[in-house]
Amino acid sequence: MLVEKKERVIMGIDPGTSIMGYGVILERGSKIELITMGIVRMDHLDDHFLKLQRIFEKTVKLIDEYKPDILALEAPFYGKNIQVMLKLGRAQGIAMAAALSKNIPINEYAPRKIKQSITGNGSAGKEQVAAMLQRLLNFKETPEFLDATDGLAVAVCHSFQKIGTAGKGKTYSGWESFVKDNGKRLK
């Protein structure tokens, strides 16, 4: 039987090849509190592979420092420029590889899902998301870049989903126990 921890540290990352945003929260039951948020700047680097190396190294360093129980990532979104999407996918994959190298489970969320869970509106702007996070987590400072609150939003979104660290819901010993708990779902 899987017993969930009463506390867990959730790290959220908004991957990017110019600026990567991150946020770390502590979840205690139904309460969440801000541990840290920030950005990793790579806009000064010209080589795409050096940027990917920096994402990997910084993600590993953050994992070593904050010891998250889970990593939540923003999934790349489809845009008009396929090259941008490819680069974002690589950035996300590198952050995933960093977490996997430390045996940290991963969940990913679409940008609309993140905005919806934070503001109630899947089309909300970055400023709306940041303002709601300030109210939810009771912090006053406005980050220099909204990429930091975007990373934080991914972590908070994961917390709101109430997905266990193992990424699994309730398990059943067979059909009888499933039917007993889910009678309303059967036709």
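This is a predicted model: local features need pLDDT of at least 70, side-chain atom pairs count only at pLDDT 80 or more; totals for chains, interfaces and linings use all residues.
Trainee: Got it. How do helix 3 and helix 4 lie relative to each other?

Mentor: They pack at an angle of about 45°, with their axes 9 Å apart. Helix 3 passes helix 4 in a left-handed crossing. K115, I118 and T119 of helix 3 make the contact with Q128, V129, M132 and L133 of helix 4. With that angle, helix 3 and helix 4 are therefore oblique to each other.

Trainee: And what is the handedness of the crossing where helix 4 passes helix 5?

Mentor: Start with the geometry: helix 4 and helix 5 pack at about 60°, and their axes are 9 Å apart. That makes the pair oblique. The crossing of helix 4 past helix 5 is left-handed.

Trainee: Which residues of helix 5 make the contact with helix 4?

Mentor: From helix 4 come K126, E127, V129, A130, L133, L136 and L137. Facing them in helix 5 are L146, D147, T149, D150, L152, A153, V156 and F160.

Trainee: Staying with helix 4, where do its buried residues sit around the axis?

Mentor: V129, A130, L133 and L137 are buried in helix 4. Viewed down the axis, the buried residues fall within an arc of 100°, so they line one face of the helix. In general, an α-helix has 3.6 residues a turn, so residues three or four places apart point the same way. For helix 4, then, the buried residues sit on one face.

Trainee: Which exposed residues are on the face turned away from that buried side of helix 4?

Mentor: The buried side has its cover, which includes strand 2 (19-28), strand 3 (31-41), helix 3 (111-119) and helix 5. The face turned away from it carries the exposed residues E127 and R135.

Trainee: How far apart are the end C-alpha atoms of helix 4?

Mentor: Helix 4 covers residues 126-137, which is 12 residues. At 1.5 Å a residue they should span 16 Å, and the model agrees: the end C-alpha atoms are apart by 16 Å.

Trainee: How many residues of helix 5 are buried?

Mentor: Helix 5 runs over residues 146-161 and reaches 23 Å from its first C-alpha to its last, close to the 22 Å expected. It is largely enclosed by the rest of the structure. The count behind that is 13 of the 16 residues.

Trainee: Let's move to M96. Is M96 buried, exposed or partly exposed?

Mentor: M96 belongs to helix 2 (residues 82-101). Setting aside neighbours within four places in sequence, M96 is in contact with L73, I106 and E108. Buried would need under 20% relative accessible area and exposed over 50%. M96 has 22% relative accessibility, so it counts as partly exposed.

Trainee: Last one: what pattern does the chain follow along the sequence?

Mentor: There are 6 helices and 5 strands in the chain. Of its 187 residues, 43% are buried. Read along the sequence, the order is β-β-β-α-β-α-β-α-α-α-α.

Technical notes
Residues are numbered from 1 along each chain as its sequence is written. Side-chain values use heavy atoms; hydrogens and water are left out. Helices (H or I, at least four residues) and strands (E, at least two) are DSSP runs, numbered from the N terminus. The expected span of a helix is 1.5 Å times one less than its number of residues. Buried means under 20% relative accessible area, exposed over 50%, partly exposed in between (1.4 Å probe, protein chains only). The arc is that of the directions from the helix axis to the C-beta atoms. Contact means heavy atoms within 4.5 Å. Axes are lines fitted to C-alpha atoms, for helices over the stretch in contact, and angles run from 0 to 180 degrees between N-to-C directions. Angles under 35 degrees count as roughly parallel, over 145 as roughly antiparallel, 65 to 115 as roughly perpendicular and the rest as oblique. A crossing is left-handed if the near helix is turned anticlockwise from the far one by less than a right angle, and right-handed if clockwise.
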